[in-house]
Amino acid sequence: MLQEFKIFIAKGNVLDLAVGVVIGAAFGKITTSLVEDIINPVLGIVIGGVDFTQLKVVLKEAVGETPEVAIKYGNFIQTLIQFLIIAWVIFLVVKAANRLRLSESEKKEV
C-alpha cells in the first residue's frame, strides 16, 4: 500500500493540484486586498462616502452586555465583489489556456 501511495503522490495531477491550492490561497489574499483597499473605497466615494463593511440592517438593538442582532449585507456585498473578480480572472486564465492548447494542437497537425 505504501508503494501505491508513493505512485499516487508522484503523479502530476496531485502535484499540479497542490501548486494550484497554494497559488489560489495567495491569489485570494491579493483579491481580498484589491477589493477592501482599492475597489470598496472608490465605490464608497461614488455612492456618497459609504463604508461597505458598515452597511447593515439592525434587527434588535444592543441592550447592556447583549450585542445587537443585525444583517450585515455590506460584508456580503464585499464578498460578492471578491467572488466576481476571482471568477473573472479564472475565466481569463482558462480562456488563455484553451488558446494555448488549440495552438499546440494546430502545430502537431502540421
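**From a lysine to a pocket**

Lys-56 is partly exposed, with a relative accessible area of 36%. That value is computed from a predicted model.

The side chain of Lys-56 meets that of Glu-68 in a salt bridge, at 2.5 Å from N to O. Lys-56 lies in the loop between α2 and β1, while Glu-68 lies in the loop between β1 and β2, so the pair ties together parts that are twelve residues apart in sequence. Glu-68 has 29% relative accessibility, so Glu-68 counts as partly exposed. The cut-offs explain the label: partly exposed covers the range between buried, under 20%, and exposed, over 50%. How many salt bridges does the structure hold? The structure holds one.

Is Phe-52 buried or exposed? Its relative accessible area is 7%, so Phe-52 is buried. Under 20% is the cut-off for that word. Phe-52 and Tyr-73 are 21 residues apart in sequence, and their C-alpha atoms are 8.3 Å apart in space.

Gly-48 also has its place in this loop, and α2 spans residues 12–46. Gly-48 has 62% relative accessibility, so Gly-48 counts as exposed. Now look back along the chain to Val-35. Gly-48 and Val-35 are 13 residues apart along the chain, and their C-alpha atoms are separated by 18 Å.

Next comes the surface. Which residues make the nonpolar surface patch of about 870 Å²? They are Val-57, Leu-59, Val-69, Ile-71, Tyr-73, Phe-76, Leu-80, Phe-83 and Leu-84. At least two residues of the patch come from each of β1 (57–60), β2 (69–71) and α3 (73–109). The largest share is from α3, with five residues. Take Val-57 as one example. Val-57 lies in strand β1. Its relative accessibility is 41%, so Val-57 counts as partly exposed. Patch residues need over 30% relative accessible area, so Val-57 passes that cut-off.

A search of the whole structure finds one aromatic pair. The rings of Trp-88 and Phe-91 have centres 5.4 Å apart and planes at 35°, so this pair is tilted. The label follows from the angle, because planes under 30 degrees apart count as stacked and those over 60 as edge-to-face. Both Trp-88 and Phe-91 lie in helix α3. They are three residues apart, about one turn of the helix. How do the two partners compare in accessibility? Trp-88 has a relative accessible area of 52%, so Trp-88 is exposed. Phe-91 has 42% relative accessibility, so Phe-91 counts as partly exposed.

The largest pocket has a volume of about 160 Å³. Its lining holds Ile-23, Gly-24, Phe-27, Gly-28, Ile-86, Val-89, Ile-90, Val-93 and Val-94. Which elements each supply at least two residues of this lining? They are α2 and α3. The most comes from α3, with five residues.

The last stop is Arg-101. Arg-101 is found in helix α3 as well. Its relative accessible area is 57%, so Arg-101 is exposed. Arg-101 and Ala-10 are 91 residues apart along the chain. Their C-alpha atoms are separated by 24 Å.

Technical notes. Residues are numbered from 1 along each chain as its sequence is written. This is a predicted model: local features need pLDDT of at least 70, side-chain atom pairs count only at pLDDT 80 or more; totals for chains, interfaces and linings use all residues. Side-chain values use heavy atoms; hydrogens and water are left out. Patches are made of residues with over 30% relative accessible area and no salt bridge: like charges are joined within 9 Å, nonpolar side chains (Val, Leu, Ile, Met, Phe, Trp, Tyr) within 5 Å. Accessible areas come from the Shrake-Rupley method with a 1.4 Å probe; for residues, only the protein chains shown count as cover. A salt bridge is a side-chain nitrogen of Lys or Arg within 4 Å of a carboxyl oxygen of Asp or Glu. Helices (H or I, at least four residues) and strands (E, at least two) are DSSP runs, numbered from the N terminus. Buried means under 20% relative accessible area, exposed over 50%, partly exposed in between (1.4 Å probe, protein chains only). Rings of Phe, Tyr and Trp (its six-membered ring) pair if their centres lie within 6.5 Å; planes under 30 degrees apart count as stacked, over 60 as edge-to-face and the rest as tilted. On a 1 Å grid over the protein atoms alone, a cavity is a set of points where a 1.4 Å probe fits but cannot get out, and a pocket is an open set with protein on both sides within 12 Å along at least five of seven lines; lining residues have an atom within 4 Å of a point. Grid points are joined across faces, edges and corners, and a volume is the space filled by probe spheres set on the points.
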